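Colleague: Hi! Could you walk me through this model while I have it open?
Modeller: Happy to, just ask away.

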Amino acid sequence: MPLLTVELPPGSVLADALNALGLTEDEIDRDFGLIAVDPEAGRFALRVGADAAARLGDSSARVFADPPIESISTDEPPD
């Protein structure tokens, strides 16, 4: 799921983001939720589905890739 950063009023909650961005709960990662990146400035992050990201990419939302981060396991010890 792509990661968005958005500008919302300070103190916003997930329901505020859904309303402001015109999203449904099915279009977001509810487990990730709305993360305050810079709460005093009203900057937040949330993960959305690809269709929602494409739709919001033309707005004030900034879309970022959010690849999974995993450890690398090898059978050989490092050099």
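Colleague: Which backbone nitrogen does the side chain of Asp-29 reach?
Modeller: That of Asp-31, at 3.0 Å. The pair is a polar contact, meaning N or O atoms within 3.5 Å; within protein, one must be able to donate a hydrogen and the other to accept it, and residues adjacent in sequence count only if both atoms are side-chain atoms. Before we go on, this is a predicted model: local features need pLDDT of at least 70, side-chain atom pairs count only at pLDDT 80 or more, and totals for chains, interfaces and linings use all residues. Residues are numbered from 1 along each chain as its sequence is written, and side-chain values use heavy atoms, with hydrogens and water left out.

Colleague: Thanks. Is Asp-29 buried or exposed?
Modeller: Asp-29 is buried, at a relative accessible area of 15%. Buried means under 20% relative accessible area, exposed over 50%, and partly exposed in between (1.4 Å probe, protein chains only).

Colleague: And what does Asp-29 touch, leaving aside residues up to four places away in sequence?
Modeller: Met-1 and Arg-47. Touching here is a contact, with heavy atoms within 4.5 Å.

Colleague: Where does Asp-29 lie?
Modeller: In the loop between H1 and S2. Helices (H or I, at least four residues) and strands (E, at least two) are DSSP runs, numbered from the N terminus.

Colleague: Let's zoom out. What pattern does the protein chain follow along the sequence?
Modeller: The pattern is β-α-β-β-α-β, with two helices and four strands in the protein chain. Of its 79 residues, 33% count as buried.

Colleague: Which residues of H1 are buried?
Modeller: Ala-17, Leu-18 and Leu-21 are the buried residues of H1, which spans residues 14-21. Looking down the axis of H1, these buried residues fall within an arc of 100 degrees, so they line one face of the helix. The arc is taken from the directions from the helix axis to the C-beta atoms.

Colleague: What covers those buried residues of H1?
Modeller: The cover includes strand S1 (3-7), strand S3 (43-47) and helix H2 (50-56). On the face of H1 turned away from its buried side you'll find the exposed residues Asn-19 and Ala-20.

Colleague: What happens just after H1?
Modeller: Gly-22 takes a positive phi of about 70 degrees there.

Colleague: OK, strands now. How many bridges join S1 to S3?
Modeller: Five, and S1 and S3 run antiparallel. Two strands pair if DSSP finds at least two bridges between them. Thr-5 stands opposite Ala-45 in S3.

Colleague: Which residue in S4 is the bridge partner of Leu-4?
Modeller: Val-63. S1 pairs with strand S4 (residues 62-64) in the antiparallel sense, over three bridges. S1 is also mostly covered, with four of its five residues buried.

Colleague: Changing topic, how many salt bridges does the structure hold?
Modeller: Six. A salt bridge is a side-chain nitrogen of Lys or Arg within 4 Å of a carboxyl oxygen of Asp or Glu. As background, side chains of opposite charge can pair when their charged atoms come close.

Colleague: Which residue meets Arg-55 in a salt bridge?
Modeller: Glu-27, at 3.0 Å, N to O. That pair links distant parts of the chain: Arg-55 is in helix H2 and Glu-27 in the loop between H1 and S2, 28 residues apart. Arg-55 counts as partly exposed, at 42% relative accessibility.

Colleague: And what meets Arg-30?
Modeller: Asp-26 does, through a salt bridge of 3.9 Å, N to O. Arg-30 is partly exposed at 47% relative accessibility, while Asp-26 is exposed at 70%. Asp-26 lies in the loop between H1 and strand S2 (35-38). The C-alpha atoms of Asp-26 and Val-48 are separated by 8.9 Å, with the two residues 22 apart along the chain.
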